[in-house]
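Visitor: I am new to this structure. Please take one part of it and go through that part closely, step by step.

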Amino acid sequence: MSLAPAHVAGAGMVRFGKYPADVTLEAMALGAAREALSDAGADLAAVEGLYVGHVFGGPVAGQRIAAQLGLDGRPVSNHENYCASGATAIREAWVALAAGLHDVALVIGVEKMTDRVAGGVRPDPGDLDAAVGYVMAAGHAMSARRYMAEHGATREQIAAVAVKNHAHSVHNPWAQYQKPVTLEQVLGARPIAEPLGLLDCSPISDGAAAVLLCTPAGLRRLGLGTGGPRVLGVGQISGSVQTGLGDLNAEDVSRRAGEEAWRLSGVGPADIDLVEMHDCFTIAEIVRMEGLGLVPRGRGAAWAAEGVTALGGRLPVNPSGGLLSRGHPVGATGAAQVCELTWQLRGTAGGRQVEGARTGLAYCKGGTVNGTDGGSVTTVVMTA
Amino acid sequence: MPSADTSPTPRGRPFREGLLALDPPRLLGSRCTDCGAAAFPARTFCPACRTGVVAPAELSTSGRVHSFTVVRQAPPGTEVPYTLAWVDLPADEVRLMAQVVGIAPEGVELDMPVDLELTGFGTAEDGTGLVGFCFRAVGQVAP
Ligand SMILES: [Zn+2]
């Protein structure tokens, strides 16, 4: 299966971080959108549709953004799939391009989180797990404990993911944190949900990221020639209701997400040069890479500790610093990952450049639903 | 979300309809009359075979801790710390999430046996007490 290619003609972000209350969601979205348009050398008149991913933005946040940006009157849609919202918006724009609805679409992922969320992220209050005390950190902590028991992985190996990703973030000017951390700091951090501590968790952040997606006709109209990184496919699946007493870290949802990515993009795991992985928690990067089939089952923690997934290693994961360092404004994350893939595939990622990067994959997993192995999972496959 | 307390028999009604029976304390799930797979909470379809007919079912009260964590930070309004676990009900092959009580966090172990217990779960808008569920540690892991 092959859909018409969608080129990323422009990518832009505002630096992720904690912003004061008077920096609005709309202002952050505008900042990222203008960066993406300016990166493409495109003006607003070229944009035929706006796709906005957000979770806590409130009703018709996309239209509020459009009204301030000057895209009023155009088709605007809002996409909520929790942490996969930004990538879901990209998927819908990609589908619209493939269907021939538009040649130029602007996608924004945005979240103003620090003044709306405190003490950890939880599913919808109506969810049964939320009712008994589930918070995201707790789910990943239970995953980590079981992973260590079953695979003989050590706490230090899991913590190595945070050390690695923070080391990468030093080279990312868009990241919320741009400082290395030591293994001792990760192990000694305040406990959040044992065995995970503060530095095993991505922060609550504000931010926005945007990409301008174009068909080949759209590129011609903008005078951009034919080149630039392309989206080969965006997979989207949901968690399925689990039965029995199986492996807590089976990540069947990630396995199916991988199959969807390969099916849509026509590339396979062996073609992937780098991954932007949804490392909302250290253990999450490990089990999701394994679920996708990019790391052998039970080896993910060891691979992180051995440097296999570090810049310069065989399969760099999160050269941007990942969610642990770049920050995790949930609705913006998927769009930020695609910005990073774009820069990597252009070869313009500076000190965090993955040498010879030709094909990359970005994975987001958003939300939890009682009884299932996840909410929504997106996979974006791009090639230079 | 109120933390699980240790009062003897909480009074009131289940915090969600159809979730549990009070006397005797039971979790209410569903079971497929074709393949036998049980589910909690009750579902209208069989998630195992997808084709079978499901009927209401009372689940076993004996569980064991498949994994657990001690939650030290939670959104405002939630008292910490508390022990949250994936609890397996081996007789029904059902896994569910619940708090574990009756043991200090450092005493919890993988595979530890636990029993279903009802617990106070806050108060409804009309003032009625709400009843929820947790699991109580009842012994050591078999050597
Ligand atoms: Zn069945």
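**A strand and its neighbours**

Guide: Strand β7 (residues 82-89) of chain B runs antiparallel to β8(B), and six bridges join the two. This is a predicted model.

β8(B) itself covers residues 94-101 of chain B. Eight of its eight residues are buried, so the strand is mostly covered, where buried means under 20% relative accessible area. β8(B) also pairs with strand β10 (residues 129-137) of chain B. Here the sense is parallel, and the pairing rests on two bridges. Val100(B) stands opposite Phe135(B) of β10(B). As a general point, side chains in a regular strand alternate between the two faces of the sheet.

Chain B also holds the donors of a zinc ion: the SG atoms of Cys32(B), Cys35(B), Cys46(B) and Cys49(B), at 2.2 to 2.4 Å. Along the sequence these donor residues follow the spacing C-x2-C-x10-C-x2-C. The angles among the four donor atoms are 105 to 118 degrees, and the site is tetrahedral. For comparison, the ideal angle for four tetrahedral donors is 109.5 degrees. Cys32(B) counts as buried because its relative accessibility is 3%, under the 20% cut-off. Cys35(B), with a relative accessible area of 41%, is partly exposed.

Note on methods: Residues are numbered from 1 along each chain as its sequence is written. Chains are lettered from A and ligands numbered from 1 in the order in which they are written. This is a predicted model: local features need pLDDT of at least 70, side-chain atom pairs count only at pLDDT 80 or more; totals for chains, interfaces and linings use all residues. Side-chain values use heavy atoms; hydrogens and water are left out. Buried means under 20% relative accessible area, exposed over 50%, partly exposed in between (1.4 Å probe, protein chains only). Helices (H or I, at least four residues) and strands (E, at least two) are DSSP runs, numbered from the N terminus. Two strands pair if DSSP finds at least two bridges between them. Donors are N, O and S atoms within 2.8 Å of the metal (3.2 Å for Na, K and Ca); water is not among the atoms, so sites may look incomplete. Four donors count as tetrahedral if all angles lie between 85 and 135 degrees; four count as square planar and six as octahedral if opposite donors are over 155 degrees apart and all others between 65 and 115; anything else is irregular.
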